[in-house]
Amino acid sequence: MGGKVKVSGIGKIKYSVKSIRIGNLGLPQSALKFSAGQGIQLSITNGFISVTGNFRIRKHFFRTSGSFKVSVSRLSISQTIGMTRDSTGRPALRSVACSANIGKVDVEFTKKKRWLYNLFRRFLESPIRKALNKQMCPKVSSALSGLENDLKTMEISFKINPFAEVDYSLVNQIQFSNDAMDLDFKGQFYRVGQRKDPPFKPPAISLPSQSTHMLYLGISDFLANSAAFVYYEAGILQTKITDNLIPPQSPIRLNTKSFSVIVPQLEKLYPNLPIEMHLRATRSPVLQVATNNINVQAFGAFDVCAVLPNSSLASLFVLNLEASVSAQVHLLQTKLIGSLQLNHLKLSLGRSNVGPVPVAGLQLIMNIAVKLVVLPKVNLKLANGVPLPNVKNLKFLNPKLVANQNILVIATDVQYHP
C-alpha cells in the first residue's frame, strides 16, 4: 500500500506500507439468524484488530523508515448467506450481501522520529481504514469456503449393497423464514442401476413446531417402504431354514419324524427324512410409523419340503403367513440402525400334497423358526444401518428420536468443524 500525501510545512511526501501482520483479532459479539426469503444473516459487532507493519517515507533525497502499530476498534460486519439447490441436487452457498464498517483506527509509531511521522499519521489512517474495509467481506467469504466445499462434496447417494441404493438429493429449492431453514430431501431407495418408483406415494408429513434443538430431521416411513419394495422386486426377500439352524436344545427338529406328530401321514409317505422350509415374501412388507410405535406387516409363504435321499426336494405343503413385527430404531452417529421383534404370526394353509394339515399344530414350530432363525438374519442386515444425509465435518450432538404419525423425527444440536 502506498501513495502521496501533502503535509503542512513539508509538502508532498511519498510513502509505502508493507509487511502488514494481524497480531490480534477479536470478535466478541457475533450472531446468526435466518432472514425470510434471503438466507442466513451473520452479524459481528464490536470487533477489534491489532495490526503491525513497516513503512518508508521519501521526499526528494530524504528517506526514512520505521514500524507502526494500528489498533482497529468498533469493527462490524454484516453478511447475508443464501443457500440454493445446485444442478446435482446438493445445497450450495451464495453471497447475497455483505457490508463492513470500521469505527476507529489508531496509528502508533514505534521508533524514533515520532514527531516527524506523526505529521502524516492522520493521512495513513484513512487508506488503512479503506484497505481493511475492502478486505473484510472477501475474508468472511473465504472463511466460508470450507463449508462451501463440504457442501459440494456432500454425499447424496449411498450404495447400501449390490442391490439397493438410497437417494437424498434435494427435490425443491431451500426455503427460509425468519425462524428456520427448510430442506426437502428425497429419501428414496432404488434398485442399483434402475430408477423404478414404487406403486405408492410418500405421505404428507410435517415437522413439530419446536425450537429447543438446532436441527429437526424428519424421515417418513416412505424411506423404509421404498427399501422394502426394492428388495421384494429384486427377489431377495427369501431364506432357507434347515435343522442345523434350530438351537440344539429345541425338542422340535426339522425332520418328518418330528412333524409326523402333527401331520401323521408324513411318517408313512416320507419316513425319517430331513425337512427344509423355504420362506419367501409374497408381497412387499409395509412399515408404518405411529406415535411412539413402529410396526411392520410382512406377508409370505413357507414351502415345507422333504429332502429325498437323492437331495431333491418334495414339496409337502405351503403355509401362508402374515406377521406383525415391531421395530426399534436408534441412531449411531449419522446412521439409522434397526431391529425387529415378532409380535404375532398368523398362518393359513396355502396347499398340501400330503392331505389334511392341522395348521394350529404347526404354530409353535413356525414361531420358533421366525424368532430364532429368520429375524436374527434380518437384524444382522439391519445392524449395518442406513446412512442419513449429512455434511462432512458436521456432527450430531445429543440426538433424540421420536416416532410421530408417518414420520420419525430426529431432534439434535449440531457442531461443525471446518
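Student: Is Ser-284 buried or exposed?

Tutor: Buried means under 20% relative accessible area, exposed means over 50%, and partly exposed lies in between, with a 1.4 Å probe and protein chains only. Ser-284 has a relative accessible area of 17%, so it is buried. Bear in mind that this is a predicted model, where local features need pLDDT of at least 70, side-chain atom pairs count only at pLDDT 80 or more, and totals for chains, interfaces and linings use all residues. Residues are numbered from 1 along each chain as its sequence is written, and side-chain values use heavy atoms, with hydrogens and water left out.

Student: Where in the fold is Ser-284 placed?

Tutor: Helices (H or I, at least four residues) and strands (E, at least two) are DSSP runs, numbered from the N terminus. Ser-284 sits in the loop between strand E14 (275–281) and strand E15 (286–290).

Student: Which residues does Ser-284 touch?

Tutor: A contact means heavy atoms within 4.5 Å. Leaving out residues up to four places away in sequence, Ser-284 touches Asn-225, Ala-228, Phe-229, Tyr-232 and Phe-299. With Phe-229, the side chain of Ser-284 reaches the backbone nitrogen at 3.3 Å.

Student: How many salt bridges are there?

Tutor: A salt bridge is a side-chain nitrogen of Lys or Arg within 4 Å of a carboxyl oxygen of Asp or Glu. By this rule there are 4 salt bridges. One of them joins the side chains of Lys-104 and Asp-106, at 3.7 Å from N to O. Lys-104 is partly exposed at 36% relative accessibility, and Asp-106 is partly exposed at 37%.

Student: What does Arg-195 pair with?

Tutor: Arg-195 forms a salt bridge with Asp-167, and the closest N and O atoms are 3.0 Å apart. This pair links distant parts of the chain, 28 residues apart: Arg-195 is in the loop between strand E11 (188–191) and strand E12 (215–220), while Asp-167 is in strand E8 (residues 164–167). Arg-195 is partly exposed at 49%, whereas Asp-167 is buried at 9%.

Student: Which residue forms a salt bridge with Lys-196?

Tutor: Glu-233 does, with the closest N and O atoms 3.0 Å apart. Glu-233 lies in helix H4 (residues 222–233) and Lys-196 in the loop between E11 and E12, so the pair ties together parts that are 37 residues apart in sequence. Glu-233 is partly exposed, at 39% relative accessible area, and Lys-196 is partly exposed at 46%.

Technical notes
Polar contact = N/O pair within 3.5 Å; in protein donor to acceptor, adjacent residues only side chain to side chain.
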